[in-house]
Amino acid sequence: MASYGPTNSSSASPIELRGITTKKLEDNPANELESDIAGESEDNTMNETEDEMTDETEDDTADETEDDITDELEGQVFQFDSEKICSMLSPKRLTAEWKAKMESNRDLTENKCEHPLLTDFTCLYDTPTVHNALQELSDVPFDYPPFANERASYEPLCKFLNSSIAECNSPKSERWFSRLRFYINDKPTRDAMDTASPDIVGLNDESLDHGNFHCTWGDPNRHSEIESCSTHRIHFSVGIDSMPRDLLRKCTSYARAGRSAAPERLWRIVFSFDQDANLFRFLIFHNGGLSASQAMNLKEVEGRKQVQQMLFAMILWQDAEDAGYPCFTNGSEMALPGNIFATIQETLWYSTSTCGRGTHVLRASFDPAPHGAPSPQLTTEDSHVQAERIDYGRFHNEPPTWVDGCTTESDRIRFKKHYVSCCCGHSSGTSDLGPRESSSTMDPAEQGSPTSGENPTIPAEFIVKMASPTRTQEGCEMQALSACSGLFGLPTLLLCFQAAFKSGRPVSNTFLFPVEDDRAACHWTPFGTSLPEADDVRPLIVIISLEEGVSLELCEDAWDLCECILHGLLGWLKAYEMGWIHRDPSIGNILKLKCARPDSSFTSLCSAPPSSSEDNLSLHFASLPAEEAEQKLSQLRQELAASLRQLGGLHECKAIVCDFDLSAKLEGYLQRDREKPREVFGTVEFMSTEMRDAIQDDCQYFNTPLDDLWAFFHTTTWATLSNIKNRPFASIQEKNWWIQLQGDVNNRDGAISRMGNHWKFQPSPMVKTMGIVISKWRAKLSEMQDAWRNNFYLQQPREGKESLFDFGQIAYYGVIQFVRILVLHKDELRVDL
């Protein structure tokens, strides 16, 4: 998995965030292009009154925000009684019965581990000692005048929360948050998150004066010298509103900001308060949805008691695991299997969202062991180590701080050297790997014999990707990259594993869902969503790879872009040959390598006859015997080899296709998905028209290689219109088209059609040069689409190798057509911008 370079989308919806979201909005070309368009088309603006425009904007924003929340949560919203929430929040350890079940039932072939339910834990909250302490809590009054406005609730609510915390007499020296206190916040956060600035914040400092401080979701040290008053990290936030839907929207924005600050944390806890109804809730946002407490009335003794109990469960936290932080990293450093220690240099990319995969990509550097100790090596022999866990200490009772641009807290903890944390769960590789072993997949040409002890030392820098895929996709990326590592157009995998807490349980949200029999009763429908068929269980997967890439928008010229697309296509085809279909090519998943990788695998292809004429090369969707089908595929391989030889220049790999977390294994794929179609996979802007129509019609869809080819095509048009070097020459029409690529399918397809109308405007150099490639490639893909639509879906699925013959035709034929277009126009494409 190569790193994600800065991409340049202004997409907002959760499904669009996948693979194209930028970390810094100020670096986003969409903002600049939209500003240019606004300036150049000011005279065309409709004459509306300021009030009308404001009202319309607010209504549209509210509708879009509610749609975003509904799409992200996807109905995975449940509410529980106070006792269940207390058990979820409480420090917990796995039962011996569950550990035994995990070892006996672990699915090695699919690289999946058992995920514990809440009933599989022993919770500290449920012990007699804690229950006795709860009985001694005194009632804390809530003095809030009836029918008062929102602001009038701030002070009494702060007072109630702080008094309730004071009642919890757990020794402060043992608390994770030993100085927790809630304050009224009347300033924007230092993160420039204007929509996520809570009115009440929970800080780990009891000594602050109200109003004489600033808040931030991330590292406070980045802002410590801006002004004289101090900056503090937000650990808890409180949303207040009298409208339930508006209240949930507000709380969701806080949860999203909290996830951006700590992407790998298991949960984000937000408190909500309806000031009209005096109803208080605990909201636990996690990667698979939202688990909420039932509403508690603060005007009633029972409601106040329940809030106190939940606060008590949180105050019982004593270490990073209790607070939901994976213990193999503190945001500044990492401890990996094989005695590997690393320093995190920079966050390269992350997906801004409340729920979902939450992909987070980092550049890390090898951290040498101290005192002349041997350098850690990539090996599977020593990774099954029951060593000391990472010592978080108390970190001055602060949670770990996550790196953003190489900034860390001055008093951050250091890892214990010479040890590997027992925080790494089941990893990919061969089926005989143990539950805490890891897979190291180096190129055989570079890797010494495992028995000789000549394993390669870790590279100076490497890329770390952390993501939370769905349960069904849990092992897919690890398996795919293990099979395809280092092949032309594909990343070099160094290490991969499923993360676990120090106690051995996987980092998973399973215990935050109700048991099967209670799902319907616990389902909460604030937005009217229906009960999902299954819980959205999400483990944390860590992928370590070698290469770092940048966006295709940084290509030097048209030929550079075409070469990168070709190398990505060849990597995609290699993965197909290894038995995997990608299902999500996009601007964020096809990357130009920062340093081209020497690779002559395509220059040493066996001799092949001269390339056939296009009339002799066609698709045949007839039901052929296995032998004839293999002969047809062999012919296509020869045609591809001949076309590539004609093109020349394949002595190094310049780009890779990466991010296989939505991939699927081809073995049994056709029969499996024809019988039970799955949901649509991919990134919306780059999906085929047929896929987007399926989303619009809310129906299932059968992903094929042709959809991936269309995704490569749409990535090419995107990279053409958003090319950085070409931006000064882009016309107003081209800027409009690029924005239309992010719109609905009609806007996108219309913009692509108009790119060929050069007689109506003066095209920029990039658009003029790439126009012929885009037009011809689109025509070829459309022909393939017609043939596919008219033949494949009329057939009965075939069995065995024959079942994937049509897939193989599409894959090879589509790549051949692109190569032939490049052969015809390579001289025209070599135009310097």
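**Exercise 1.** In which loop does aspartate 659 lie?

*Solution.* A quick note before we start: this is a predicted model, where local features need pLDDT of at least 70, side-chain atom pairs count only at pLDDT 80 or more, and totals for chains, interfaces and linings use all residues. Residues are numbered from 1 along each chain as its sequence is written, and side-chain values use heavy atoms, with hydrogens and water left out.

Step 1: find the neighbours. Aspartate 659 sits in the loop between strand E22 (652–657) and strand E23 (664–665). Helices (H or I, at least four residues) and strands (E, at least two) are DSSP runs, numbered from the N terminus.

Step 2: check the backbone. Most residues other than glycine have a negative phi. Aspartate 659 is not a glycine, yet its phi is positive, about 60 degrees.

Step 3: check the surface. With a relative accessible area of 2%, aspartate 659 is buried. Buried means under 20% relative accessible area, exposed over 50%, and partly exposed in between (1.4 Å probe, protein chains only).

**Exercise 2.** Work out which residue forms a salt bridge with arginine 363.

*Solution.* Step 1: recall the rule. A salt bridge is a side-chain nitrogen of Lys or Arg within 4 Å of a carboxyl oxygen of Asp or Glu.

Step 1: the partner is glutamate 548, with the closest N and O atoms 2.7 Å apart.

Step 2: look at where they lie. Arginine 363 is in strand E15 (residues 360–366) and glutamate 548 is in the loop between strand E18 (541–545) and strand E19 (549–550), so the pair ties together parts that are 185 residues apart in sequence.

Step 3: arginine 363 is buried at 12% relative accessibility, and glutamate 548 is buried at 16%.

Step 4: zoom out. The whole structure has 28 salt bridges. A network of them links Arg93, Asp319, Glu321, Asp322 and Arg505.

**Exercise 3.** Which side chain makes a polar contact with the side chain of glutamate 264?

*Solution.* Step 1: locate glutamate 264 in the loop between helix H8 (244–261) and strand E9 (267–274).

Step 1: look for an opposite charge (Lys and Arg count as positive and Asp and Glu as negative; His and the chain ends are not counted). Glutamate 264 is buried but has no salt bridge, and the nearest such side chain, arginine 259, is 7.5 Å away.

Step 2: the contact is with the side chain of histidine 360, at 2.9 Å. A polar contact is a pair of N or O atoms within 3.5 Å; within protein, one must be able to donate a hydrogen and the other to accept it, and residues adjacent in sequence count only if both atoms are side-chain atoms.

**Exercise 4.** How many residues of helix H4 are buried?

*Solution.* Step 1: in helix H4 (residues 82–89), 6 of the 8 residues are buried, so the helix is largely enclosed by the rest of the structure.

Step 1: name some. Among them are Ile85, Cys86 and Met88.
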